[in-house]
Amino acid sequence: MLVVSSKVLDRLTPSQRDLTRSLADIFGAAGKELHLVGGIVRDALLGRARLADLDFATSAQPPRTRELIESAGASSVYLVGERFGTIGAIFGEEPHRLHVEVTTYRREAYPEAHRFPEVAFDATLTDDLGRRDFTMNAIAVDSDSGEVVDPWQGEADIAQALVRAVGDPDERFAEDPLRLLRAARFVSQLGFRLDWRTEQAMERQASSLARISRERILAELTLLLLGEYVDHGLDALRRTGLLHVALPEIEPLTTEAEADLAPRLGREKDLWDHTVRVVRQSPPRPAVRWAALLHDAGKPLTRSVGLDGEVHFFGHERLGAELAYRALGRLNADRALRSSVRTLVELHGRPAAYDPTWTDSAIRRLALDTGEVWDDLLDLAAADVTSGREHKRIAAAQRVDALRARFQHLQEQVELARLESPLDGNDLMEIFDRPPGPWIKGVKNHLRELVIDGALAPDDRNGALQIARSLLAQEEASPVGSAATTAKQSADATRPR
């Protein structure tokens, strides 16, 4: 739903609105302009109120900006980027802490020798908005009056769900090629479509993405993968050729398909279409989504046709796992993500083979091989079902659910097995130098009840020893009783009712 422009400030959270009003008063009293800009304006126009950072643009020069922010009572003020004229600040305490960045209006020029701009702070608000990436991000709201400044018709593009570059799209992408991925990321996150001229420029400029650091590419791709409309975002990467530059390891998925064999095989399954569906159906967690994207990356390299005419991909899981590990390594992903994705890709087909005849040891072995990404593996396996036949989808989902339930049952058994007395019969006989007898069962039962109730840790041998000594001391002081009787009475008294 599109919100009326004059109500943008009303769409902020109470803490955002109060801080915006306070800063507007302070900058206004100093004769300086202050406009809310960036993603928070876009989200407010979309009716997506959230506790996000506040970005402002101002006519004040950076030193004056710092003075005014400090006078507003910020708990911390710091320089974000001197050459870009951005002053950052933190206001308030958790959970209502707000991060603020205020940037002086600026113009930028991009010399051909390098991609870092030369910045001038003699600009107007219109100049400042004209240097931004997309029209939906080139809207400003006066922090005092709420008046909207929209020289590039960003509101209209938001209403039409359109990602359109500001001005000449080729110039915008040449200034910062990361904007190529940002365009596809906004498609994924917002469900918008690409403006035709913008998409054509993305195709022309795709190769320039190679100028961008691998870490920044990884960050944008991860955000794209986590988007609600990830299938549209991935399709935008494919159509514009960005997939080839950003992730050449999986481009064969877009060209290698079983479709060309369909007349002979009587079936059709496009590998890229399948991959996109698996990503969309998987939960939006980085490791799962990356694994979903890469899980069949080894298939084009292992495809073979048997004597029966069937297509096979022998060993694609292992080959794909190594390919995924290398791809994420090339993008400088951290070791944890690389290892998780490699494990998920290598094992992604195993849960689909589950049936009730599996032994408990087989399930435990798979869980041990999977490690900390067990839940991710089951979620990936559940997503890796894109058959057009409903009975196949239902059967596959039931297999994964059954494996999940079986493992949970095994885990519960392990937990129950741990709920035992920290001291066994041999321990008690050795410590107290007593022969076997009913007294052992009484002490052990009492200690076990305390473990079950959480009053004694399963490995707290010292605590158990002190309790056992107390029980046996009571027995000695009460000739008519026994350790078994005393322990039972004590356990009954302490058990929750």
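Is Glu220 buried or exposed, and what is its relative accessible area?

## Glu220 and the basis of the model

Glu220 is buried (under 20% relative accessible area, with exposed meaning over 50% and partly exposed in between, for a 1.4 Å probe and protein chains only), because its relative accessible area is 8%. The residue is found in helix 9, residues 214-225. Helices (H or I, at least four residues) and strands (E, at least two) are DSSP runs numbered from the N terminus. Leaving out residues up to four places away in sequence, Glu220 touches Leu178, Leu181, Arg182 and Arg185, a contact being heavy atoms within 4.5 Å.

This is a predicted model, in which local features need pLDDT of at least 70 and side-chain atom pairs count only at pLDDT 80 or more, while totals for chains, interfaces and linings use all residues. Residues are numbered from 1 along each chain as its sequence is written, and side-chain values use heavy atoms, with hydrogens and water left out.

## Overall architecture

The chain contains 25 helices and 13 strands. Of its 497 residues, 47% are buried. Among contacts with a separation of 6 or more, 63% join residues 24 or more positions apart.

## Nonpolar cores

A nonpolar core is a set of buried Ala, Val, Leu, Ile, Met, Phe, Trp, Tyr and Cys residues joined through side-chain atoms within 4.5 Å. The largest comprises 104 residues, and Leu234 and Trp290 have the most contacts inside it. Helix 7 (residues 178-190) supplies the largest share of this core, eight residues. Apart from it lies another core of 15 residues, including Trp439, Ile440, Val443 and Leu456.

Beyond its neighbours within four places in sequence, Leu234 is in contact with Leu224, Leu225, Trp272, Val276, Val279 and Leu293.

## Helix 18

Helix 18 (residues 335-347) has 13 residues, which at 1.5 Å a residue should span 18 Å; its end C-alpha atoms are 18 Å apart, in agreement. The expected span is 1.5 Å times one less than the number of residues. At the start of the helix, a side-chain oxygen of Asp334 reaches to within 3.1 Å of the backbone nitrogen of Ala336.

Leu337, Arg338, Ser340, Val341, Leu344, Val345 and Leu347 are buried in helix 18. The buried residues of this helix pack against helix 15 (286-294), helix 17 (316-330), helix 19 (360-370) and helix 20 (374-383).

## Ala201 in helix 8

Ala201 lies in helix 8, residues 196-205, and is buried, with a relative accessible area of 0%. Setting aside neighbours within four places in sequence, Ala201 is in contact with Pro169, Asp170 and Phe173. The C-alpha atoms of Ala201 and Arg172, 29 residues apart along the chain, are separated by 9.5 Å.

Notes:
A polar contact is a pair of N or O atoms within 3.5 Å; within protein, one must be able to donate a hydrogen and the other to accept it, and residues adjacent in sequence count only if both atoms are side-chain atoms.
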